[in-house]
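Open the model in your viewer and keep the sequence panel beside it. We will go from stop to stop, and at each one you will hear what to select and what to look for.

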Amino acid sequence: MPYVIAAACIDVMDRSCMEECPVDCIYEGERKLYINPVECIDCGACEPACPVSAISQDRRVPAELREFVDDNARFFTQSLPGRDAPLGPAGGANVVGPLGVDTEFIADYQPGTA
Amino acid sequence: MSMSVACDLLIVGAGPAGLYAAYYAGFRGLTTAVVDSLPEVGGQVTAMYPEKPIYDVAGFPAIKGRDLVAGLAAQAERFAPTCLLGERAESLTRDTDGVVTVTTHAGTEIRCRAVLISGGIGTFTPRPLPAGEEWLGRGLSYFVPSLEAHAGHDVVVVGGGDSACDWALSLEPFARSVTLVHRRAAFRAHEHSVAQLRSSTVEIITDAEVTGIQGDRHVEFVDVTGPAGTARRPARAVIAALGFTANLGPIRQWGLEVTANRYLPVDTTMATNVPGVFAAGDITDYRGKVRLISVGFGEAATAVNNAAILIRPHEPLFPGHSSDAAPLPAPALV
């Protein structure tokens with residue numbers, strides 16, 4: 001039951017959540033942050049830190065934002081543009097640094113659509 | 001001065017699984033030591049969710065995190081394990097005769113016949129206060145080992161979680177003044193504690209940070225910067241409760257197989273790939289693993305009983321029922 005970052009983060013990327021995460025499992029794309037569902041320990045420290053309320057537990061994500069649950073996972077399970085292999089459990093955002101790319105879903109995301 | 005401890009079983013990690021393992025090892029008649037990098041028992045529950053009610057511990061329709069930890073500690077205490085709190089297990093070596101030696105960062109040497117790693121998500125490190133790491137031990141601290149030590153002091157607590165709010169509230173009767181500085185408007189702490197704080201004499205400054213610490217040899221003043229600018233206020237103690245970061249830490253160097261960067265694969269006896277080293281709780285991994293406290297308890301019992309027959313090969317795996325005979329006066333049933 002990991003936490004998930006949804007649409008409100010896109011083009012905001014405040015990063016306060018990254019400072020709160022005790023296991024450093026929130027990774028930085030180009031337009032959005034992503035929580036690695038395999039590394040998330042479900043502690044919830046990130047949720048109140050988000051100034052735009054983009055974070056919620058996966059089973060509490062509103063129906064119109066469900067796609068973001070799968071998309072957070074895809075960021076780690078599929079090879080991102082320009083990379084040969086998926087990130088997988090990368091061992092912490094400070095290990096890999098900002099990735100500078102997004103999943104296809106986020107790269108093409110138009111504000112106001114779901 | 002470094003210390004040395006000899007025991008049958010060393011438990012690394014004093015969270016719920018480790019505490020229950022300490023009880024079980026005692027019940028089996030093993031001498032036990034427990035080591036944890038934090039100064040308090042309870043692991044993740046104490047560090048992160050002391051006020052959260054937990055609903056899935058067998059036999060308890062609901063129990064607060066800290067009450068569960070207190071119960072587990074009391075249960076283990078019947079057998080008086082050696083507790084090495086605030087010490088991080090650093091290295092592990094194994095003699096040809098099967099004696100394992102674990103050394104802590106403080107230099108304590110623990111010689112044992114088996115090790116049980118109940119290390120959860122790893123070793124916790126307090127998040128540093130960006131303004132003044134160099135004041136550690138000179139007025140800045142990450143924990144409050146004694147409330148009385150702050151009698152008559154102006155104390156500044158930094159943070160917005162349960163620990164920050166709890167410490168601010170419990171220091172209020174002792175300190176001359178308590179100020180709580182939190183960099184957001186919303187608190188992560190339990191609503192009840194926040195309400196208690198608001199009706200106490202604790203001064204709450206939100207959307208603000210401690211941006212400087214001043215003093216001669218010891219902390220004397222802190223600079224608090226908020227929306228209205230920076231103000232200097234007297235402070236004899238700064239308690240930074242900014243949460244923790246967790247990392248598998250030194251046990252990565254123990255020759256253990258690690259999966260997904262943080263789990264230790266075990267077999268059905270909870271043995272890891274290193275002879276004499278067992279694991280239990282959130283840190284273990286196997287097909288079908290479910291990471292819950294209740295599962296950790298079961299794994300702790302399995303691990304201890306299997307460690308017991310490694311240590312004493314002539315004993316049976318099954319420990320007998322705790323209800324059959326009480327080796328020590330049983331505590332009153334609650």
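A crossing of two helices is left-handed if the near helix is turned anticlockwise from the far one by less than a right angle, and right-handed if clockwise. Keep that in mind for two of the stops below. Remember too that this is a predicted model.

**Stop 1: chain A**

Select chain A and colour it by secondary structure. Followed along the sequence, they come in the pattern β-α-β-β-β-α-α-α. The radius of gyration of chain A is 13 Å, close to the 13 Å that the globule rule gives for 114 residues, so chain A is as compact as a globular protein of that length. Along the principal axes, the C-alpha atoms of this chain fill a box of roughly 35 × 30 × 25 Å. Buried residues account for 39% of the 114 residues in chain A. Now think about contacts between residues at least 6 apart in the sequence of chain A: 70% of them join residues at least 24 apart.

**Stop 2: a residue in a loop of chain A**

Select Met13(A), in the loop between strand E1 (3-5) and helix H1 (16-20) of chain A. Its backbone deserves a look: Met13(A) has a positive phi of about 40 degrees although it is not a glycine. Why does Met13(A) count as partly exposed? There are 19 other C-beta atoms within 10 Å of Met13(A), and a residue is called buried if there are 20 or more, exposed if there are 12 or fewer, and partly exposed in between.

**Stop 3: chain B as a whole**

Switch to chain B, where the secondary structure comes to 6 helices and 23 strands. The C-alpha atoms of chain B fill a box of roughly 70 × 40 × 40 Å along the principal axes. A compact globule of 334 residues would have a radius of gyration near 20 Å, and the 22 Å of chain B agrees with that. Of those 334 residues, 44% count as buried. Among contacts in chain B between residues at least 6 apart in sequence, 62% join residues at least 24 apart.

Next, colour chain B by domain. The domain assignment gives domain 1 (4-125 + 244-324) and domain 2 (128-240). How far apart do the C-alpha centres of domain 1 and domain 2 of chain B lie? They are 33 Å apart.

**Stop 4**

Two packed helices are described by the angle between their axes and the distance between the axes.

H4(B) passes H5(B) in a left-handed crossing. Show the side chains of the contact, among them Cys165(B) and Leu169(B) from H4(B) and Val194(B) and Leu197(B) from H5(B). By class, the residues of this contact divide into 5 nonpolar, 2 polar and 2 charged.

For the second pair, select H1 (residues 16-27) of chain B together with H6(B); they pack at an angle of about 35 degrees, with their axes 8 Å apart. Is the crossing of H1(B) and H6(B) left-handed or right-handed? It is right-handed. The contact includes Tyr20(B) and Tyr24(B) from H1(B), and Phe297(B) and Val304(B) from H6(B). Its residues divide into 12 nonpolar, 1 polar and 1 charged.

**Stop 5**

Select Asp207(B), found in the loop between strand E15 (203-205) and strand E16 (209-215) of chain B. Phi of Asp207(B) is near 50 degrees, a positive value in a residue other than glycine. With 13 other C-beta atoms within 10 Å, Asp207(B) is partly exposed.

Then move to Pro313(B), in the segment after helix H6 (293-311) of chain B. Pro313(B) counts as exposed because it has 7 C-beta neighbours inside 10 Å. Try the distance tool on Pro313(B) and Arg233(B): these residues are 80 apart in sequence and 64 Å apart in space, C-alpha to C-alpha.

**Stop 6: where the chains meet**

Finally, show both chains together. The contact takes 10 residues from chain B and 11 residues from chain A. On the side of chain B, the largest share, 3 residues, comes from strand E20 (residues 244-247). That side has 6 nonpolar, 3 polar and 1 charged residues.

Notes: Residues numbered from 1 in each chain as written. Chains lettered and ligands numbered in written order. Helix = DSSP H or I, 4+ residues; strand = E, 2+ residues; numbered from the N terminus. Contact = placed C-beta atoms within 7 Å. Nonpolar A, V, L, I, M, F, W, Y, C, P; charged D, E, K, R; others polar. Rg over C-alpha atoms; globule rule 2.2 N^0.38 Å. Domains from an automatic or database assignment. Axes fitted to C-alpha atoms, helices over the stretch in contact; angles between N-to-C directions.
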